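Okay, thanks for making time this morning. Let me put the structure up, and then we'll talk about the ligand and a salt bridge.

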Amino acid sequence: MAPSDDHPEVTGEAIVSEAEKRPISTIVFIIAMQTEALPLVNRFQLSEDVESVFPKGVPWVRYHGFYKDLHINIIWPGKDPVLGVDSVGTISASLVTYASILALQPDLIINAGTAGGFKAKGACIGDVFLASEVAFHDRRIPIPVFDLYGVGLRQALSTPNLMGEINLKVGRLSTGDSLDTSPHDEASIVANDATIKDMEGAAVAYVADLLKVPAVFVKAITDIVDGDKPTTEEFLHNLAEVTAALDETVAKLIEFISGKSLSDL
Ligand code: SAH
């Protein structure tokens, strides 16, 4: 039934569209690596939580503060308590996304970070992409329907106005828990029609979708997966410079989002 003009709150759809028209106020960034997070923490002068909103003892870190009318939260899963390296990958990303949504009730999730790119699909080092869809490439379950569950394809929030305003490349993102690309992964990435590859996006999308929070994925390319340089070397070589490009893009994104509603994006 179409909602009546007098009582737009009568249907579930109308309630959703009311929420979409409210100005966005709370944003949660999920950022896997400290090197990716710190330029943004400094730019927006965010402060680290003294009293954590997360369970006692977890390494997850929240930086937060205000920019104009936006409450900006950057969530970094922190260092592995035993090994001392960034807690990259899908498990930590899912956990922090879940905990952040429960604690902070964001209007929008932004998963920002670095990614590998496929030159055959038009990706270059330093490009910043907005993912149109996200899926997994390392959850192969060759049983009808479980195969689709494994791939876990999800749509990013559609942002046509944002695309018109900020010059970003668009492509599908494929997620897996390895930095390298096995032949099996490669076949699945091709099947996913992905242009970019990371270790968190589809996991963040899964949790955001479960809890009905819209999500966007901003990924800057540190390495070319179908190139001739070893991924790790290329990743480390480009990390600082590409992180600066990511920071610039996110700043434009925040400027654009400020004062707007979800439906304005
Ligand atoms: N060697 C790095 C390890 C980081 S893992 C270090 O010394 O800290 C790579 C991180 O960057 C993940 O968060 C992942 O999402 C992203 N990433 C960049 N390039 C990638 C690629 N080619 N494949 C998968 N993830 C990539």
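So, around the ligand we count 17 residues, a residue being near if one of its heavy atoms lies within 4 Å. The closest are Thr114, Lys197, Met199, Glu200 and Asp223. Quick caveats: this is a predicted model, where local features need pLDDT of at least 70, side-chain atom pairs count only at pLDDT 80 or more, and totals for chains, interfaces and linings use all residues. Numbering runs from 1 along each chain as its sequence is written, and side-chain values use heavy atoms, with hydrogens and water left out.

Now the polar contacts, meaning N or O pairs within 3.5 Å. Glu200 has a side-chain N or O atom 2.6 Å from a ligand oxygen. For Asp223, a side-chain N or O atom sits 2.6 Å from a ligand nitrogen. Leu179 uses a polar backbone atom, 3.5 Å from a nitrogen of the ligand.

Which elements give two or more residues to the shell? Those are strand 5 (108-117), strand 9 (194-198), strand 10 (215-224) and helix 8 (231-257); these are DSSP runs, helices being H or I of at least four residues and strands E of at least two, numbered from the N terminus.

Helix 8 brings me to Asp247. Asp247 makes a salt bridge with Arg43, closest N and O atoms 2.9 Å apart; the rule is a Lys or Arg side-chain nitrogen within 4 Å of an Asp or Glu carboxyl oxygen. Arg43 is in helix 2 (residues 34-43), 204 residues away in the chain. By that rule, we get 12 salt bridges.

How values were computed: A polar contact is a pair of N or O atoms within 3.5 Å; within protein, one must be able to donate a hydrogen and the other to accept it, and residues adjacent in sequence count only if both atoms are side-chain atoms.
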